[in-house]
Amino acid sequence: MTKKGIKHLAGKVGGIKNLLIILLATLWGLTLLADIFVVEKIFDPLGYLYIALGIVALRYVVWPLYTGRRLVQYYWQRVKRNRLAVLGLAFILFLILLAVFGPLFTPDPTAANFEQKNLPPVGFTTEESIYNPQTGQFITKTISGTWEHPLGTDNKGRDLLAMIISGAGVSLQVGLLATGIAVALGTLIGVVSAYLGGKVDNILMRFTDIMMTFPFFLLLVFIVFIFGPNLAFIVLVIGLTGWTGTARLIRSETLSLRTREFILAAKALGASDGRIILAHLVPNVVSLIVVIATLSIPGVIMAEAALSFIGLGDPAVTSWGMVLRAGQQSLDTTWWVAVAPGIMLFFTVLAFNFVGDGLRDAFDPRSSV
Amino acid sequence: MEGAILKIRNLRTYFFTRRGIVKAVDGVSFDLVKGECLCLVGESGCGKTVTALSILGLIDTPPGRIVAGEIFYDGMDLAKCSAEQLRHVRGKEIAMIFQDAQSALNPVFTIGDQIVEQIKLHLKVSYREARDKVINLLKEVGIPSPEEVANYYPHQLSGGMKQRAMIAMSLSCDPQLLIADEPTTAVDVTIKAQIIDIFHQLKETRKMSLLFITHELGIVSEIGDRIVVMYAGRVAETAAVSELLNNPKHPYSTGLIKCLPDITQERERLESIPGTVPSLIDLPSGCLFHPRCDKAIAICRKKQPLPVSVNHGHTVFCHLY
Amino acid sequence: MLNHKLLEVENLKKYYPVSGGLLYRHLGDVKAVDGVSFYIRDGETLGLVGESGCGKSTLGRTILRLEEPTEGTIIYRGTDITKLDRKELRGLRKEIQIIFQDPQSSLDPRMTIGQSIGEALLIHGLKDDRERGRRVTDMLERVGLEAQLALRYPHEFSSGQRQRIGIARALAPSPRLIIADEPVSALDVSIQAQILNLMLDLRREFRLAYLLIAHDLSVIRQVSQRVAVMYLGKIVELAETGEIFINALHPYTEALISAIPSIRQRKIRILLPGNVPSPLNPPPGCRFHTRCHRVLPICHQAEPHLKDVGNGHLVACHLHGV
């Protein structure tokens with residue numbers, strides 16, 4: 001491949017950046033095929049989803065952020081002024097750090113240790129009644145928390161802090177991946193539908209209506225029944241059924257953008273439909289996409305928590321929902337097991353909502369931030 | 001001035017924003033004589049709308065505030081009135097017409113209902129009486145078949161009709177002073193002519209005092225008695241209309257007049273004023289117009305010009321005099 | 001300047017079908033442009049004046065085929081462009097360009113102005129970044145803006161500057177004809193003058209022809225060689241600029257001219273009663289007869305056609321022997 005040859009190819013697909021992405025995407029596809037048909041597992045399904053999302057994000061998120069640095073700075077200034085949003089961001093950052101580095105300092109969340117079961121968190125004490133068969137009486141013994149298990153343990157002796165940290169990782173992953181899939185799909189369908197209009201619009205919107213009524217829960221049960229519970233499937237199902245709201249919103253925004261004069265100007269310059277959609281419409285809906293995505297993440301996280309709570313979650317993975325499930329039966333005695341994930345879920349949802357609101361205000365040209 | 005119904009003295013309205021203090025109106029004074037039409041003229045950003053809103057206390061108070069000055073109407077200083085007192089003045093004594101009839105009219109009520117609501121707010125009359133008054137008002141502004149039109153919704157009316165309806169609404173409580181903010185800017189040429197005609201009539205039949213805000217000098221010459229030229233929040237020149245158009249003293253006024261495309265003459269190029277209006281946060285020193293003025297002298301950069309009377313009733317704020 | 005006809009429009013029509021009712025029946029058509037014919041010569045400016053709803057903006061866009069014509073021909077440099085397919089149409093986009101009224105919404109807020117100006121070049125094959133950059137800089141300087149402003153975003157500029165950027169964008173592909181759709185209506189008076197002067201200079205420098213669409217006759221007077229007056233989808237009068245102002249023949253033109261507020265003349269104003277009729281249902285006979293101050297009985301029945309009454313002065317009115 002000569003330098004000239006590469007440049008020529010790049011010219012055909014619209015730039016070096018697109019060429020790189022196409023290359024990466026092809027590699028991804030080949031690896032996936034090889035995995036399914038030929039070789040032993042290279043990545044697990046979740047891994048593939050991650051890489052796919054990463055490639056799309058690279059091309060449509062990282063690259064635009066880099067080339068539009070001035071604009072990004074401008075919006076960042078506006079976001080910074082909203083204290084709640086900044087707090088929310090700080091919390092999310094904290095969660096990320098927790099999820100990434102936490103496991104290095106805590107024991108395995110699945111390691112059962114029956115000797116240390118039902119320990120309360122540090123600073124709390126509980127009483128346990130032990131029956132002495134010799135005396136025939138119950139003796140109450142006080143157990144207090146130790147720093148070895150700062151948040152206590154559950155009825156199998158698993159360290160609660162480790163479980164919470166693992167749960168943070170799960171929630172973030174699911175939130176990111178499932179939302180990524182849902183938003184990407186929703187945007188694609190919304191923009192194409194609004195731009196092409198007419199019959200295409202009709203068909204796509206009726207399809208969206210059908211998907212909206214789709215019983216995603218049943219689908220999940222069905223999949224779990226056949227393939228067994230797996231986080232990747234949960235992510236896929238949430239993603240593939242949760243794009244409808246986004247599609248509607250993006251479509252209406254695109255409809256109003258379509259009549260704006262700069263779109264007409266692009267047409268007058270000779271831009272093809274594809275170029276208008278990708279280079280003009282999409283960047284202008286990006287702010288809406290970001291806000292929608294940020295405000296969808298809490299819903300996704302709660303969906304996953306709910307699924308794990310009722311037992312459809314991936315047992316190999318400790319998520320907050322699962323911990324809630326374990327703790328709900330003994331709420332009156334080992335209350336910390338349920339309270340900890342509850343508090344985490346609460347603040348996580350709040351944090352994303354604050355950030356989403358802050359972003360929405362920052363992007364709205366009419367609001368004086 | 002004799003017989004002035006409205007006296008503005010040294011009005012300063014500032015907006016306190018994160019990026020700095022926007023001095024939208026910075027020391028504006030003028031008188032409006034009863035029964036005359038005073039035109040506030042200037043380009044976008046000169047502060048004419050903010051002046052009008054300040055008179056009625058309609059400035060958005062978190063960022064904006066009347067910082068200094070007096071607005072004398074009928075013995076009261078409106079700048080120091082309470083919200084309650086201002087509400088009595090608004091609509092009844094001083095009414096305002098906005099530029100965009102579309103957004104000033106409530107789309108979910110009929111024209112008739114909106115005006116009736118306005119009337120009943122200020123006057124103690126029955127619904128029947130208010131309704132009759134509305135029909136008369138619509139007739140007065142030249143709306144055909146007023147009984148029918150009163151039952152129309154705003155979206156059913158054309159641009160010119162909406163403008164007239166808004167004028168009718170402002171007249172509903174027989175105000176003494178009417179403030180019109182660019183009522184002819186967003187309309188077609190032939191409708192403009194009709195609207196100017198209505199204002200002529202109003203002056204004659206109702207003997208109303210009119211504060212007319214516009215950037216079109218042509219309209220001023222048709223309907224104005226006196227003119228106040230504003231630039232970047234301050235007054236540049238005040239005079240009778242014919243005096244200013246024939247004998248402008250301030251370089252900005254002269255520039256504005258020369259800029260006008262003229263249908264009576266053929267010219268190779270249009271005269272224009274170089275540069276742009278300064279940002280109201282970052283104002284130049286001394287005379288605000290000096291960076292664009294072709295007659296600027298050394299003192300213009302340093303000191304704000306004081307008012308100089310060049311003729312009877314003709315005042316200019318310029319160091320050249 | 002050559003006197004070749006650069007653009008010739010013949011009987012151009014643009015109808016928008018209206019459907020309604022439960023079964024979406026075809027109720028009628030909004031006849032936005034209803035049989036318009038004119039030509040523009042190389043390097044000439046034709047002013048097109050009329051009030052809102054007369055179809056002038058639609059006419060401008062239809063010529064560019066941003067709206068598809070319902071009927072009629074548009075001949076540009078000898079070729080009927082109504083018959084071009086998509087590929088050939090792209091080539092046309094280099095030759096005819098457009099400037100919009102609202103400087104705020106005609107620029108993509110998420111693109112730097114350098115990108116906006118260079119977009120035409122990119123679309124038509126100039127992929128070399130450096131060369132494109134040079135051309136963009138060139139354009140910016142021609143319209144009076146500094147080169148380093150290319151990296152800024154539209155919201156960082158004033159209206160007048162944004163309009164200049166719009167002009168630079170239209171000039172980038174080196175067109176021969178620019179359709180200027182109310183280019184100065186949204187600007188302050190002193191900025192209007194600046195932009196009009198710029199357009200005059202560019203016309204001289206690049207040998208451009210303009211179709212200047214405006215509702216302000218005094219602006220048209222300043223810049224155009226010939227003027228066409230539109231009412232409800234049709235041209236009612238077309239003549240050289242000087243001729244029209246001295247000798248307006250159509251009553252509508254008379255009314256328009258008399259309606260202009262002027263600081264130099266006191267004049268008797270002709271007030272047109274009523275409103276512009278709906279283009280869905282234009283009046284029979286001459287469309288203007290419902291508001292005409294010189295109406296004759298025949299005007300209710302027969303529609304007048306554009307006729308040359310001498311000196312290239314065209315008028316469609318029964319008063320002038322049609």
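This is a predicted model: local features need pLDDT of at least 70, side-chain atom pairs count only at pLDDT 80 or more; totals for chains, interfaces and linings use all residues.
Local features require pLDDT of at least 70 and side-chain atom pairs pLDDT 80 or more, while totals for chains, interfaces and linings use all residues. Residues are numbered from 1 along each chain as its sequence is written, and chains are lettered from A in the order in which they are written.

Me: At what angle do helix α6 and helix α12 of chain A pack?
Reply: Helices here are DSSP runs of H or I with at least four residues, and strands are runs of E with at least two, numbered from the N terminus. Axes are lines fitted to C-alpha atoms, for helices over the stretch in contact, and angles run from 0 to 180 degrees between N-to-C directions. For α6 (residues 160-196) and α12 (residues 273-309) of chain A, the axes lie 7 Å apart and the angle is about 145°.

Me: How many bridges join β1 to β2 in chain B?
Reply: Strand β1 (residues 4-17) of chain B runs antiparallel to β2(B). One of the pairs is A4(B) with V33(B). The number of bridges joining β1(B) to β2(B) is 11.

Me: What percentage of the residues of chain C count as buried?
Reply: A residue is buried if 20 or more other C-beta atoms, placed from the backbone, lie within 10 Å of its own. Chain C has 322 residues, and the share that counts as buried is 50%.

Key
Two strands pair if DSSP finds at least two bridges between them. A residue is buried if 20 or more other C-beta atoms lie within 10 Å of its own, exposed if 12 or fewer, and partly exposed in between; C-beta atoms are placed from the backbone.
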